[in-house]
Amino acid sequence: MKAKLLVPSLIAAALISACGSTPPTPEERAMANQMQKAFLAKLQGMTVPAAAQQQAAPAAKPEVLLSAAELAEQKQKVDATGGPAIFYRKKDGIMIDGQMFNDFEGQVANFGGNRFTGEFTYAVENFDGSFTLKYHKAHSSEAPIKIGTVWKRGGQFEVRTVTGKKATGNSVIPTSDGFIVGRSGSAFRYFIDGDSVKNITLLDNYHIAEHQKGDAASTGFILLEKDPRDENDKVGGFFDSFKELGNTFGLNKFDDYVLVSIDGYTTVPMDVGLGGKEIAEHSNCKRQNAVMNKCENVEFKESLYTKLGLPNYSHYYWSINWVQTQSGPMAIYRTSTKVKIVDINNKQVHTVFSRTLGVNDFVVIENADGTTGIRARLGFSKEEVKDIESFIRNNTTDIEPMQTLQSS
């Protein structure tokens, strides 16, 4: 500050001395003083506002938390109207009873829905990279309610509910009645009703699969994926390659994906392998001719869709589904040549479609009357079973016992 005061004093002195050797007149002294004051005011004006602005900046408003009773009251208002609905996942959101569901605040990134009650929880992606978890009921006259916020920090997710509960984990899965946070070897299920949390024990060497096609709340099951091998494990890699070859010829079965009941009492291994999740992304490409590009780099990334926006049917998400039916929970999965239905309660597996040259894909059709159908694409033709419960009751061929981890 002394240096700042010295500058205008020198200027004023120079102005006074510049008038000549004769003493300055009173008018000249007054002008010099005015210039000194104006210069000081200008200097102060350049430094003071920044500090003043910091002092005047309003403090961030603390987030208002809800009590469990207030959250329950909000949910009761939503649940007062609306009802059962058919949910269908689209690339850019949710289809409910044939109509696209949109949220004003952002794009719907994931959801879990119960077709028998119409309840569903979904995640909205925000502009800052965070996600808002909301609860709603199909066709309810009330607006959706916020139940929490999710932040992704590196490879971890941090969740905070509107009631103040906090959790961290490797994955966050919306369910029709709340959400599940997955960790290595364990998981936690949050219920909106009661604002409560329940522990879920996972299988050793497995973790919660990132993509869940079935709703854990309504089916009682969640999908696990086997932990990846160490990339330096050459023996294990050779064994995996041999296992894939053996599976192709029907000599053994995969156990890379397993449905487990939330209560921990039932495991349902499915004959689906880890391969096929990734697609190739090329970069630094140069056109060689009209139909070919030469690319310097290629990177493989997990993706549900191809670069053309079509489903990546090699991904496990399109090969495994599970639903609640009037006869109990059913799992449906696709191998290289068959589509199978697992009657979980009766521990039986029924082959519903088979083709030696391979099954392209299948889709589960949930109907408004509570029945469930399957449509599969077999080469250039399509086949459909309109009611899988009726199919299982009447089927007498190609039935096998439910796969177990011990025998896989």
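Reader: Does D255 count as buried or exposed?

Author: Two remarks come first. This is a predicted model, in which local features need pLDDT of at least 70 and side-chain atom pairs count only at pLDDT 80 or more, while totals for chains, interfaces and linings use all residues. Residues are numbered from 1 along each chain as its sequence is written, and side-chain values use heavy atoms, with hydrogens and water left out. As to burial, a residue is buried under 20% relative accessible area, exposed over 50% and partly exposed in between, with a 1.4 Å probe and protein chains only. D255 has 8% relative accessibility and therefore counts as buried.

Reader: With which residue does the side chain of D255 meet in a salt bridge?

Author: A salt bridge is a side-chain nitrogen of Lys or Arg within 4 Å of a carboxyl oxygen of Asp or Glu. The partner of D255 is K226, at 2.8 Å from N to O. D255 lies in the loop between helix 5 (234-248) and strand 16 (257-261), and K226 belongs to strand 15 (residues 221-226), so this pair ties together parts that are 29 residues apart in sequence. K226 is partly exposed, at a relative accessible area of 24%. Helices (H or I, at least four residues) and strands (E, at least two) are DSSP runs, numbered from the N terminus.

Reader: How many salt bridges does a search of the whole structure find?

Author: The search finds 16. One of them joins E105 to K134, with the closest N and O atoms 3.5 Å apart. Here E105 is in the loop between strand 3 and strand 4 (107-113) and K134 is in strand 6 (residues 131-137), so parts 29 residues apart in sequence are tied together. K134 is buried, with a relative accessible area of 8%.
Another pair is E400 with K340, at 2.9 Å from N to O. E400 is in strand 27 (residues 399-401) and K340 in strand 22 (residues 338-343), so the pair ties parts that are 60 residues apart in sequence. E400 is buried at 18% relative accessible area, and K340 is buried at 6%. Salt bridges may also form a network, as they do in linking K75, D79, E119 and D193.

Reader: K134 lies in strand 6. How many residues of strand 6 are buried?

Author: Seven of the seven are buried, so strand 6 is largely enclosed by the rest of the structure. From this strand, F131, L133, Y135 and K137 point one way, whereas T132, K134 and H136 point the other way.

Reader: Which strands pair with strand 6?

Author: Strands of a sheet pair through backbone hydrogen bonds, either parallel or antiparallel. Two strands are taken to pair if DSSP finds at least two bridges between them. Strand 5 (residues 119-125) pairs with strand 6 in the antiparallel sense over seven bridges, and T121 has Y135 as its bridge partner in strand 6. These two strands form a hairpin with five residues between them, and G129 in the turn has a positive phi of about 95 degrees. Strand 7 (residues 145-153) runs antiparallel to strand 6 and is joined to it by five bridges, with T132 opposite T149.

Reader: In the open sheet of three strands, what is the order?

Author: The order is 1-2-3, with antiparallel pairing. Strand 1 (87-90) and strand 3 (99-101) are at the edges with a single partner strand each, so one side of each has no neighbour in the sheet. The twist averages 35 degrees from one strand to the next, where axes are lines fitted to C-alpha atoms (for helices over the stretch in contact) and angles run from 0 to 180 degrees between N-to-C directions. Three bridges join strand 2 (residues 93-96) and strand 3 in the antiparallel sense, and I94 has F101 as its bridge partner in strand 3.

Reader: Which residues of helix 3 are buried?

Author: They are L71, K75 and V78. Seen down the helix axis, the buried residues fall within an arc of 55 degrees (taken from the directions from the axis to the C-beta atoms), so they line one face of helix 3. The face turned away from the buried side carries the exposed residues A69 and Q76. The buried residues pack against strand 5, strand 6, strand 7 and strand 12 (186-191), contact meaning heavy atoms within 4.5 Å.
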